[in-house]
Amino acid sequence: MISILNKFNNRAEIRESKDEILVGEIVRAMSRQGYVSVKFVASPDLQRASFKALNDPVLTYLHITLDRKTGGGAISSALIGAKATLTISAEVKNYIADPDDLVAMYRTDLANIFRMPVLGGVKLNHELNSIFATTTKLIEINDYVLKGEAGAQRLIGMLDGTIDDLRDRLRAYKK
Amino acid sequence: MSVTFPPLPPPDAAALYVGTPEGQLGPMRLDDVVRQHASGQIPPDAAVWYDGLPQWVPFNEHPELRSLLTGGRNSTPTPVAAGPVAQPARSDDELDRQFGELIKGSWDYFNANQFAHHVDEVFIGAVITSTLDSGYSLIDLTSDGTNHYLRFQQMEEHTRILYQLHHLARSPAEAKVLGHVASVTIGYGERVSNLGRIWGAVKAEYKSGYLQSAEPGTVTIDADLESGYIYAQIDLFWNITDYVDDHYQTDYAKLGAHIGASIHALRKYLHGRIR
């Protein structure tokens, strides 16, 4: 058998795994809030997970991307912590079946090729059947990982607040 | 105004006369007319007469003959009110409603296909959640969409759990035959400071390299010299839909029980080998 250990980065220090620890906590936090994972893209530089919103009145999918910025080494970890950008994108998918709506969508799609409005840090984008609202946060990973249930609850609070904001921005576009 | 013609004579009756620019042919059998028309011996602009017709009729104006000559395809379709098939007049709303039903049916198929693609990622998310709830932290995640590799660590006890999952049925058709079966490797590891024991495990790993695919119940030993961990691991086949239903809901109690039983067995085996 081919050793599956070859598939992992055999890191000596846990600080090098903090982004994966946070991804695990994000998956659990999202699961607790009713969002199930449907896609993972994981590379050493970037982690992305997509979630299906099972019972959300507005949202269809959420996409979360974690991009580690600092803290990979012992010195930077001690001096400036483990900073990362967390990009959260909420997606509304409209199952359009009315030809009149399809024409309207085509016109707004065309307009959005040239215009991507930014509204208070939330970017709206419209692609075919989907409308996206996206925001990016700079976070300190240490605030959320290896802190037990307190860290998990803090993460749930941050994610919930962000998703609520994105949902409000998208509510008008849900058909 | 539509014209009604008397029926064509039987195919084996020599009763047809064919008029061409070169002259008149016949009497001919109907099947000979069809064959010679198909081979080009009779030109497409020929006309036909048989007993009962009041006058010569061009081939393409005789619906029954035209249908035979074109194999059922109308070379000059009969004009209809709207669309390729004559339809009774319907309102805009009725047409939009029927189009909507076509779209909805397509979404049903699309969603079934999406489920087949997503179900392993749903399962991976459930494994992560369940393993974190048992006190572990995710420390490695590698995924190419089909093969998923997870590694967890219990931070106080320094024990580790590995998973490799390969979804074997990624289309609805494959899933109908196989079910959503996944090849799953589960590993349990502990840090060992005794170099001799690690080296022994590395030798065992070398032997396991000859196993192309372990049979169920075969526990193999693997070691990671860099981190000092020795793992016991086992290959299993799990049907993902035993844990995840087609509404994306997970049976965490069953999943946790099965993971717990597997880890318990691997821990006992590992202790038996290295302690």
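I began in chain A, where His126(A) stands opposite Ile131(A) in β7(A), a strand being a DSSP run of E with at least two residues, a helix one of H or I with at least four, both numbered from the N terminus. This is a predicted model, in which local features need pLDDT of at least 70 and side-chain atom pairs count only at pLDDT 80 or more, while totals for chains, interfaces and linings use all residues. Residues are numbered from 1 along each chain as its sequence is written, and chains are lettered from A and ligands numbered from 1 in the order in which they are written.

I then looked up the pairing of β6(A) (residues 122–127) with β7(A), which is antiparallel over 5 bridges (pairing needs at least two DSSP bridges). In their hairpin, with 2 residues between the strands, Leu128(A) takes a positive phi near 50 degrees. β7(A) (residues 130–140) is also joined to β4(A) (residues 83–93), antiparallel, by 11 bridges, and there Lys93(A) stands opposite Ser130(A).

Next I turned to the helices: the axes of α1(A) (residues 18–32) and α3(B) (residues 92–133) come within 9 Å and cross at roughly 100 degrees, the axes being lines fitted to C-alpha atoms over the stretch in contact, with angles from 0 to 180 degrees between N-to-C directions. The two helices are therefore roughly perpendicular (65 to 115 degrees; under 35 is roughly parallel, over 145 roughly antiparallel, the rest oblique). I noted that Gly24(A), Val27(A), Arg28(A) and Ser31(A) meet Gly125(B), Ile128(B), Thr129(B) and Leu132(B), contact meaning C-beta atoms, placed from the backbone, within 7 Å.

Conventions
Contact = placed C-beta atoms within 7 Å.
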